Amino acid sequence: MKGSLVTNAPTVAPSAAARRGALSREQWHRFYRTMLLSRRLDDKEIQLKNQSRTYFQISAAGHEAIQVAAGMALRAGHDWFFPYYRDRALCLALGVAPLEMLMSAVGASDDPFSGGRQMPTHWCSPQLHIVSPSSACATQCLHAVGAAEAGEIARHVPGLAETIAGHGDEVIFVALGDGSTSEGEFWESLNTACTRGLPVVYLVEDNGYAISVPVEAQTPGGDVSHLVESFPGLKVIRVDGTDAAASIEAMRDAVGYARARSGPALVRASVTRPYSHSMSDDERAYKSPAEREDEAARDPLKLCAAYLRAQALATREELAAMAADVDRELQEAADRALAAAAPDPGTATRYLYSPTVDPASADFEAAPRPAGAPDTMVAAINRTLRDEMERDRRIVVFGEDVADVSRSELLAELAGKGGVFKATLGLQRAFGDLRVFNSPLAEANIVGRAIGMAIRGLKPVVEIQFFDYIWPAMMQIRDELSMLRYRSNNAFACPLVIRAPIGGYLRGGALYHSQSGESIFAHCPGLRVVFPSTAADAAGLLRTAIRCDDPVLFLEHKHLYRQTYNKEPYPGPDYVLPFGRSVVRREGADVTVVTWGALVQRTLLAAEQVRQEGIDVRVLDLRTIAPCDWEGVAEAVRATNRVVIAHEDQLTCGFGAELAARIGGELFEHLDAPVKRVGALDCPVAYHPVLEEEILPQASDILQAIRETARF
C-alpha cells in the first residue's frame, strides 16, 4: 500500500439515457417512499420543536434524492459510512428506523445513537457501520480515509481482515456540505486518499449555502468539483442531486469505481435547501423570494413523483397511499418517542472511558525484569514499540519522518530517519511499510486518520513530531478523539496513542520547539495524559497506553531522551505500569514537592541542597496527569503539611493550579503553610540561553519555594 501514484480519472456527468431501467417498479416505490419518509420526519420534528417537545432540529429537505441513491448504491453493514448531520434520507435508506430518529430528537434514554447525549440527526449504528459524527465540519473526511487505509492494510497483513470486519471490497463513504469543503481536513483527506488510491467515495451535497454564506463567497468558481479535478486518480462526477434517476447513475458509477479499487471518487451533487439551516436560522433573511421559488420548483420530492407518474412507474393513487402510510407510521413512532423515559442523571459521566479496561487497575501491574545495561529513555521507547508490534499485529506507527527506508533502492543501505529523535529507528525495516510509514506534514491528518483506523480495529501509535505543532490537530483531539465513545454511548471508540516530544531546556529550542501545555489536554474528558520522567517508567507507561482501550496522549520530554541520570535497564517486554499511580522519588517529612517531567530531576537537586539546611523534602512524581493520583498527593500533604507544586508549563492555568485549588479545597485542615507553585513565566520560551533560563523554572526557583514554604 505504498503511495500508489495513479493517473487522473475522467470527470463524468451522468447521461440521461436509459434511466427508467435503473430500478424496478418496486425499487422505485421504495426510493420515493424513503424520500417522503425523510421529508415528513423533518416536518414532524419541526412540529415537535415548535411545541417545545424537542430541543433542536436540522433538516435534510432538498437533499433526499442523492442521499437515497447513495444508500441504494452502497451496502449497509458491509461498507462504512461517515455521514454528516443532513444525511437523514441516506440513513433511512441504509436501515435506520424512524422511531430511532425520533427517540434521538426527544433525547430519550433509549436513543440508540447516543442515549440522549448528542444532538439529533447525528446518526450512529455499529451494525450498519454508520459511525457517530460530531457537529464539526469536515473532520469525518479524515476518519473515512483512515478507515479505508485500515481495510487496505488488512488485505496485506495476515490475520487482520477478521479483526477489522473487512471484506476486501468495502467502500468507505463520506458526506459533507459544500461549506465544509473550505475546511483544511477535507483537503488533507483528499491528499491522502489520492496519494494512496483509497476506495473512498466523497459526496459533496451543494445546496448553495453554508448557513447563510452563499457558495460563490467561499468556493472559487462556485463549484468545488472543478477545483479537485487535478487530483491524481480522483474520479469527479457532477450531478443534479434533485434528479433521482441521474443521482442513481452517478452514485452507482462512483461506488463501482471505488469498489474496483480504481481510486477515490467525488460526487458533487447540486441540491436545494428549502428549509432553514436549522431551527435557529431563518432563511428568509438572506434568500430572495425568487430564489425560494426556484428552489421550490426543484424540490426533489415533487420531481421524483412527477417522474414516476410520467414513466408509468406509479399512479397518483399509489403515491397518495404511500403518503398516508408514512404519516401513520410517523404518528405511531412520535407517540412512542414522546412517551419514552428521559436519561437517568446518574449516567451523565458514563462512557467517558472504557467500561471494561481500566489502565489504573491492578491488571496493569507487573514486576520489572530488568536486563542489560542502563539505557536512555528514547531507547526504552523504541524497544517498547518494537516489542508491542511483535506482540500485536494491529499496531501501526506513522507520523512525519518516522520511516527508515530510503525511496531509492540505491540508498537502501542507509539507516533512514526513524523520527527526528530516532524513537522509531529500525521499526519500518522490522515490520514493513504497511505498518510503519511516513505521513504528510499535517497534524490533523495524522490524528484524524488514526481515529478512522482505530474505529476499524487497528491500534495506531502516531507521532506528532513536536508538541509545539500539535495545535492543528486540536479539533481532531478535542471534538473527535476524546468524545467518540461518549457521544456514541459506547457504540464506537478509538483507542490509540499519540506520542509527542514536549518541553524545553534545549538551548536554542526557542518559541516553537520548547512549549509545554499538558494542562490543556487534561481539560479534554475522555483523553488519558501520560508524562514519564525515567526510562523504565516510559517503557511501562507506553506499554499500558498501547494496551489501554482509551485514547492516550503520551508526552515524552525531549530534554530527558538521552540524559544519563534517568537511564535504567530495560524492564522487560511484559512490564506495565498503572496510570494514576504516582511514585515517591525521595522520602521526606517537612515539605512535599509535587512535580513531573523534567522538573523531577531539578527538584531532586533542590531537595538535596536544602537537606544541608535541615529541611527534609519529599519528592512526588505524578507520572500521569489524567488520571492524576489524587490519593498519592493527599497522602503526601497529610504527611508533611506543606506542599510546593513545580511544573515546566506556564504558571497561569498550568496543571499545578488545579492541584493547588483541590489541595486548598479538600485538604485545608492539613496545611501549615500556603500552597506554593513554581512554573514558567507567562511568556513563550525565548531563543537565547540567558532568556530561556530566566523563563523556565530552575532548581534555584524550586529551592527558594521550598525554603519559603518550610519557614512559613
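Figure 1. The chain exposes about 26,700 Å², of which carbon and sulfur atoms supply 51%; accessible areas come from the Shrake-Rupley method with a 1.4 Å probe, and for residues only the protein chains shown count as cover. This is a predicted model, in which local features need pLDDT of at least 70 and side-chain atom pairs count only at pLDDT 80 or more, while totals for chains, interfaces and linings use all residues. Residues are numbered from 1 along each chain as its sequence is written, and side-chain values use heavy atoms, with hydrogens and water left out. The chain holds 23 helices and 22 strands, which are DSSP runs (helices H or I, at least four residues; strands E, at least two) numbered from the N terminus. With a radius of gyration of 28 Å, close to the 27 Å that the globule rule gives for 712 residues, the chain is as compact as a globular protein of that length; the radius is taken over C-alpha atoms, and the rule is 2.2 Å times the number of residues to the power 0.38. Of the 712 residues, 58% count as buried, where buried means under 20% relative accessible area, exposed over 50%, and partly exposed in between (1.4 Å probe, protein chains only).

Figure 2. Leaving aside neighbours within four places in sequence, Gly504 is in contact (heavy atoms within 4.5 Å) with Ser514, His557, His559, Glu648 and Leu696. By contrast, the C-alpha atoms of Gly504 and Asp335, 169 residues apart along the chain, are separated by 61 Å.

**Figure 3. The salt bridge between Arg456 and Glu170.** The side chains of Arg456 and Glu170 meet in a salt bridge at 2.7 Å, N to O, the term standing for a side-chain nitrogen of Lys or Arg within 4 Å of a carboxyl oxygen of Asp or Glu. This pair links distant parts of the chain, 286 residues apart, with Arg456 in helix H14 (residues 443–456) and Glu170 in the loop between helix H5 (139–156) and strand E3 (172–177). Both Arg456 and Glu170 are buried.

Figure 4. Arg543 forms a salt bridge with Asp387, their closest N and O atoms being 3.9 Å apart. Arg543 lies in helix H18 (residues 535–547) and Asp387 in helix H12 (residues 377–391), so the pair ties together parts that are 156 residues apart in sequence. Arg543 counts as buried, at 0% relative accessibility, and a network of salt bridges links Asp387, Glu388, Arg391, Arg543 and Arg547.

Figure 5. Most residues other than glycine have a negative phi, and most peptide bonds are trans. A cis peptide bond with omega of about 5° joins Ala626 and Pro627, and Pro627 is placed in the loop between strand E20 (624–626) and helix H20 (630–640). Thr121, in the loop between helix H4 (98–106) and H5, has a positive phi near 70° and counts as buried at 2% relative accessibility. Lys422, in the loop between strand E10 (395–399) and helix H13 (427–431), has a positive phi of about 70°, and this lysine counts as partly exposed at 35% relative accessibility.
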